[in-house]
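Please work through each task before reading its solution.

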Protein chains: 2
Amino acid sequence: MTGRLTLPTDADIIDETIRLKNLLGADALRDCDGTEMPEALLSEPVKKYATYYTTRKDNAWAMKHPEEIQQEYLISNRITARGETLRIRLMEGFHTEQLKVNTLDDPKRWWEVIDRTTGEVVPTDAWEFDEASGEVEIRTIPYHEYTVSFLAFLIWDPVHMYNFITNDWKDTPHQLTYDVRQPKTKQYVKDKLKKWCEDNPHIDVVRFTTFFHQFTLTFDDKKREKYVEWFGYSASVSPYILEQFEKWAGYKFRPEYIVDQGYHNCMFRVPSRQFLDFIEFQQIEVCALAKELVDIVHSYGKEAMMFLGDHWIGTEPYGKYFAGIGLDAVVGSVGSGVTLRMISDIKGVDYTEGRLLPYFFPDVFCEGGDPIGEARDNWRKARRALLRSPLDRIGYGGYLKLASNWPGFIDEIQNVVTQFREIHENMQGTASYVAPFKVAILNCWGSQRRWMSNQVHHAIWHRETYSAEGVLECLSGMPFEVEFISFDDVRNGIPEEIKVIINVGDAYTAFSGAENWIDEKVLTNIRRFVDQGGGFIGVGEPTAYQYQGRYFQLSDVLGVDREMCFSLSTDKYNEKNDDHFILEDIDGALDFGEGTSRVYAQGGHYQILAMDGEYSQLVVNEYGRGHSVYFAGLPYSPQNCRLLLRAIYYAAGMEQEMKRYYVTNVDTEVTVFQKTGKIAVINNSAQAQHTELYIKGKCAYVLDLKPGEMRWVDDMEDR
Amino acid sequence: MTGRLTLPTDADIIDETIRLKNLLGADALRDCDGTEMPEALLSEPVKKYATYYTTRKDNAWAMKHPEEIQQEYLISNRITARGETLRIRLMEGFHTEQLKVNTLDDPKRWWEVIDRTTGEVVPTDAWEFDEASGEVEIRTIPYHEYTVSFLAFLIWDPVHMYNFITNDWKDTPHQLTYDVRQPKTKQYVKDKLKKWCEDNPHIDVVRFTTFFHQFTLTFDDKKREKYVEWFGYSASVSPYILEQFEKWAGYKFRPEYIVDQGYHNCMFRVPSRQFLDFIEFQQIEVCALAKELVDIVHSYGKEAMMFLGDHWIGTEPYGKYFAGIGLDAVVGSVGSGVTLRMISDIKGVDYTEGRLLPYFFPDVFCEGGDPIGEARDNWRKARRALLRSPLDRIGYGGYLKLASNWPGFIDEIQNVVTQFREIHENMQGTASYVAPFKVAILNCWGSQRRWMSNQVHHAIWHRETYSAEGVLECLSGMPFEVEFISFDDVRNGIPEEIKVIINVGDAYTAFSGAENWIDEKVLTNIRRFVDQGGGFIGVGEPTAYQYQGRYFQLSDVLGVDREMCFSLSTDKYNEKNDDHFILEDIDGALDFGEGTSRVYAQGGHYQILAMDGEYSQLVVNEYGRGHSVYFAGLPYSPQNCRLLLRAIYYAAGMEQEMKRYYVTNVDTEVTVFQKTGKIAVINNSAQAQHTELYIKGKCAYVLDLKPGEMRWVDDMEDR
Ligand SMILES: [Mg+2]
Ligand SMILES: [Mg+2]
Ligand SMILES: [Mg+2]
């Protein structure tokens with residue numbers, strides 16, 4: 001088997017590229033940021049991808065049109081006034097090589113000074129910008145705290161700066177940015193793309209990296225990352241765009257819609273109506289303009305591929321306008337099962353491609369690095385998700401020479417590529433078996449941000465989030481069709497086919513839901529849904545909002561509440577009884593990650609399955625004809641996948657369905673392609689595993705799997 | 001040395017009482033609930049105390065006047081409506097032997113049905129009480145949750161019920177209650193007290209247990225404690241009293257002021273204006289009526305002593321009206337240093353007395369019990385507080401026979417009593433040395449609830465509270481004058497002599513301060529105070545209120561904030577540097593108890609002294625001329641007393657004052673009586689300790705102390 005594989009190349013590794021291409025059966029080659037596609041390879045019988053940057057790598061243009069350089073809304077440090085005037089130095093804590101205060105547009109029109117002690121906007125006649133010192137002087141109330149929100153030009157492209165610092169580049173000039181949305185640059189970029197297509201007849205795939213607006217990535221005065229929000233719109237602004245927004249939205253724009261008290265609309269914030277409007281507006285404009293570029297590419301007989309990263313802001317792949325771009329493909333980095341599904345579930349393109357880890361960069365291919373271990377770990381997480389929703393292609397990025405020189409690494413990716421092709425061979429484009437009901441993740445973002453919950457920046461581990469993020473990571477490889485629904489969806493009526501709703505996250509975040517939980521429409525619709533036989537699973541601080549004697553507003557459904565010190569005087573008599581369907585497969589200790597302290601069971605219908613001292617960690621509850629399950633946390637692990645699998649079947653009231661297809665060993669999982677009669681059993685662990693495979697409730701196979709093995713067997717029952 | 005000691009006695013232990021009285025030098029004997037003072041001892045040359053119950057032990061009266069039985073506001077279970085009517089059984093979950101629905105007063109006037117999903121009161125014409133079934137039927141909105149707040153008669157005195165259950169009494173009749181505030185009972189109780197005084201000429205001290213209203217103590221349907229709030233006013237109500245309250249307050253009473261969403265005004269709740277009004281009203285009335293009883297006692301030449309417990313509601317010993325009662329003494333149970341100070345700091349009485357632990361009850365004096373260990377532990381905590389603010393007397397309670405029969409126990413209390421008398425001998429009524437500035441605890445309760453912060457019921461350990469409670473326990477034995485101030489005190493201007501303000505507790509509780517932290521008056525006054533040289537110490541979630549980009553509103557002063565997921569995209573670069581004055585004495589690991597997760601240092605003026613992974617636990621910050629210290633938690637321990645000592649001197653900017661008197665060993669503490677020239681060095685540990693004693697910054701003594709020893713030396717420097 002060959003194909004479905006993209007390799008990176010570079011000018012200094014021509015022969016080795018050919019050798020590896022043949023060895024691994026690659027059918028595409030690509031350049032990267034900082035590498036070049038060698039002339040000699042252009043005639044190879046494979047697809048050639050070229051990275052294409054619409055917004056940088058043309059400092060001459062940028063310098064000629066400084067007013068069309070990209071801009072970002074920044075918020076100054078918070079400074080407490082000691083007296084009746086205060087001077088705030090805007091660029092304190094920012095890197096002056098990356099950002100420069102916008103002095104071209106009127107500060108009084110576009111900036112905002114806020115008294116953070118009262119939340120009030122300081123009138124524009126109470127402050128002045130002193131361009132010479134770079135300071136804003138404010139008439140203040142002593143001991144109030146102030147911020148200035150202001151516009152700055154992005155004079156060094158953030159990703160270029162990131163790659164420059166990470167790869168320790170020396171003589172490379174800093175790449176300036178320019179804003180394709182602005183009139184002169186728009187025309188220039190379109191013309192330039194045409195010319196480039198003409199000049200590059202051997203390139204088959206134009207890989208846009210990406211379109212127009214970088215996600216928020218800001219560096220501090222020590223050149224360290226200061227702020228990174230992969231979903232951030234802070235660098236997609238300019239007076240030119242904002243005036244259009246005001247016309248479209250029908251109200252005046254405020255910098256606060258973007259800087260958001262200094263939280264910069266971090267995904268965990270419940271998004272304001274105005275920020276949602278801004279996302280909507282940007283999608284409309286960005287997708288329309290992206291289509292113009294894609295049309296140009298197509299007119300030269302080339303494919304257009306979008307990298308889901310870098311300047312992806314406004315393209316929202318699960319938004320209403322994405323399909324309209326007319327892209328041939330999306331490619332993105334696969335850091336986990338969740339990030340794989342974020343790519344592979346995208347509709348409106350012909351194919352999806354995943355860049356597997358590790359990137360061939362010197363931060364991993366170095367003394368003390370473990371690229372083989374990283375590749376295995378990455379593959380084991382990716383594989384379970386692939387079996388549910390396959391990428392069409394995979395590939396790698398970085399310096400091929402590093403991979404080629406690392407003993408054993410090429411063998412490892414050969415194994416990965418072989419397994420990947422086996423999956424496609426066996427599934428033949430058909431869907432895998434899923435349970436006869438849908439599972440919904442409920443949060444403020446809903447379907448617009450599928451597979452994006454409770455994460456900060458891709459699959460990067462955060463102590464604050466991994467115990468919630470794990471729910472999606474588990475689900476990414478489980479036999480359930482997963483919907484992502486918003487509170488408006490719940491208000492409008494929970495769709496018939498959904499049988500289990502999951503709410504997971506920290507109190508007052510967009511993922512838990514905050515003030516949505518004091519909306520009687522939300523509460524009554526969910527209560528009715530469960531009462532009539534539905535399932536509700538809460539993880540962390542589900543339905544949390546302190547109100548009317550409860551912290552978890554659905555404590556009646558969940559059978560638990562959290563002690564916020566207000567009911568310390570109320571005695572609890574929580575006792576564990578771990579004899580339950582959910583725990584039947586589990587031998588060892590349970591892992592709730594960081595967990596959630598102070599949770600206690602209450603009401604008359606609960607059963608506590610796990611406790612930490614007097615706190616409850618895993619609780620089931622009966623509610624009318626329905627069921628709920630509460631987890632104090634659910635980090636990703638094979639064991640927790642099994643817990644969640646059982647919890648979902650229990651919540652759905654469909655325990656008997658679970659052994660339709662089932663493996664006894666918790667470290668293994670089963671995926672079934674009923675149409676082709678093929679079954680994959682995967683070993684998610686680094687040890688050999690023994691497991692039985694059940695089909696229609698009966699043991700059909702007894703299997704011994706090697707570490708990490710994927711074994712294919714036939715679905716005998718259906719033959 | 002003899003005196004200052006009260007022993008319990010009983011009818012069956014007359015000779016032994018006399019032997020122990022002589023052995024221990026007791027000068028007072030007492031009866032207890034369930035024991036009797038024997039006739040034979042009435043002629044002993046000691047003071048005789050008699051427990052006196054104003055509200056129970058007279059079932060005949062209670063049964064004759066059922067309308068004057070005490071009442072309690074209860075709130076039913078929260079029940080979710082499935083349809084358009086709902087029946088709530090009021091007594092579900094309560095014990096019908098303790099409480100009985102009040103059917104004498106009009107439910108529509110005194111009860112309240114609330115839709116807890118919306119927070120709205122259900123109109124009285126939308127519900128009916130069905131007396132036959134004990135249910136309230138409500139016209140409901142499907143899937144809304146409802147409660148009924150209602151009045152019930154206390155047909156078994158809660159403390160009598162508690163003692164009955166704890167001591168496994170069998171044939172004792174349940175004692176009914178009656179309400180001394182009501183007209184017939186008031187007269188009856190006064191007359192009865194006069195008669196009792198006449199009938200008991202040998203009794204010297206009438207120990208009121210207590211006056212009129214029991215703190216909230218409710219049992220569930222399994223006779224288990226359901227709710228206990230030592231500070232609770234729920235059982236101090238009746239239509240008779242509430243009508244008076246309405247006249248006094250000028251507004252209509254609502255049951256919600258008492259049941260408080262089901263939280264029953266737990267001390268951790270920020271008290272509502274109406275609840276504070278009610279406390280004020282009850283104090284005025286209770287203290288005036290208590291004075292009438294005390295006057296009667298005095299008219300018979302006897303002393304009046306109040307037990308700080310049981311029916312103490314309305315007497316608030318730090319309230320404005322307490323001194324007006326004219327009591328001779330207060331006695332209370334000493335569970336810790338904090339509870340000792342709660343008694344010993346009371347003004348307006350001639351003397352205070354502490355009931356040391358353990359009580360001579362069979363739950364401790366039993367197989368597997370460790371009464372000697374409990375006595376030692378209790379004494380070590382009590383002793384450090386005594387040295388700062390002495391009780392005038394100590395004593396014990398319970399069954400003397402149990403103590404007398406336990407090998408070694410009498411030796412142990414002989415040791416305690418000897419040390420107690422030594423303290424008085426050496427201090428001669430003079431005050432011990434304190435630092436030349438005051439330390440203030442800031443919370444919503446202020447001076448009205450001195451030594452009562454962050455605790456649930458006396459010194460009972462709660463996992464949720466011990467890490468905050470520890471601050472007061474440490475302070476109870478430290479050389480600082482401690483003020484308790486409210487946010488109104490801060491608004492009105494921080495008193496000159498205060499140099500360090502401490503804010504300790506969980507977010508949104510009365511102890512942290514909740515919405516007070518978005519009051520610009522509070523913020524600016526504290527910022528100015530610190531900027532001008534003051535100190536601020538925060539423990540747990542100080543100044544917490546999510547607002548305008550911050551969770552800790554004084555994050556500028558504290559140098560820390562807590563990550564609530566909204567700034568996860570902001571990089572933190574926290575690094576530890578534990579080279580600091582505060583840690584100079586500390587060798588071992590630090591103990592922050594349950595701690596506070598997700599705290600990070602920020603701003604330009606911090607130094608992190610301790611971390612848990614990437615979270616900061618102990619941080620100092622410079623703010624203008626002032627200093628702050630943040631602790632993630634501070635459970636009581638000798639080491640944490642030392643940490644807090646140093647933190648306070650650091651925060652005050654007075655490090656050089658610390659060695660005015662100082663012991664090098666963290667397990668020891670020093671108390672100095674400058675006027676008598678006596679110094680006590682105590683060993684707070686169960687091991688022998690070696691320590692140096694510094695006076696005026698120089699080593700004056702080198703001491704080897706036995707386990708638990710208290711050593712007296714002379715203050716040579718001042719001689
Ligand atoms: Mg990248
Ligand atoms: Mg069931
Ligand atoms: Mg008691």
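A charge sits over a ring if NZ of Lys or CZ of Arg is within 6 Å of the ring centre and within 35 degrees of the ring normal. The model examined here is predicted.

**Exercise 1.** Determine which ring Arg269(A) lies over, and at what distance from the ring centre.

Solution. Arg269(A) lies over the face of Phe566(B). The distance from the ring centre is 5.1 Å. Within chain A, Lys226(A) is placed over the face of Phe94(A), 4.7 Å from the centre of that ring.

**Exercise 2.** State how many aromatic pairs the structure holds over all chains, and classify the pair of Phe487(A) and Trp517(A).

Solution. Over all chains there are 100 aromatic pairs. The ring centres of Phe487(A) and Trp517(A) are 5.2 Å apart and the planes stand at 90°, so this pair is edge-to-face. Phe487(A) belongs to helix H14 (residues 487-491), whereas Trp517(A) is in the loop between strand E22 (498-505) and helix H15 (520-531), so the pair ties together parts 30 residues apart in sequence. Phe487(A) is buried at 2% relative accessible area, and Trp517(A) is buried at 0%.

**Exercise 3.** Classify the pair of Trp248(B) and Phe281(B), and decide whether Trp248(B) is buried, partly exposed or exposed.

Solution. The centres are 5.6 Å apart and the planes at 50°, so the pair of Trp248(B) and Phe281(B) is tilted. Trp248(B) lies in helix H6 (residues 239-249) and Phe281(B) in helix H8 (residues 273-299) of chain B, so parts 33 residues apart in sequence are tied together. With 39% relative accessibility, Trp248(B) is partly exposed; Phe281(B), at 2%, is buried.

Technical notes
Residues numbered from 1 in each chain as written. Chains lettered and ligands numbered in written order. Predicted model: local features only at pLDDT ≥ 70, side-chain atom pairs only at ≥ 80, totals over all residues. Heavy atoms only, no water. Phe/Tyr/Trp six-rings, centres within 6.5 Å; stacked < 30°, edge-to-face > 60°. Helix = DSSP H or I, 4+ residues; strand = E, 2+ residues; numbered from the N terminus. Buried < 20%, exposed > 50% of the residue type's maximum accessible area, 1.4 Å probe, protein only.
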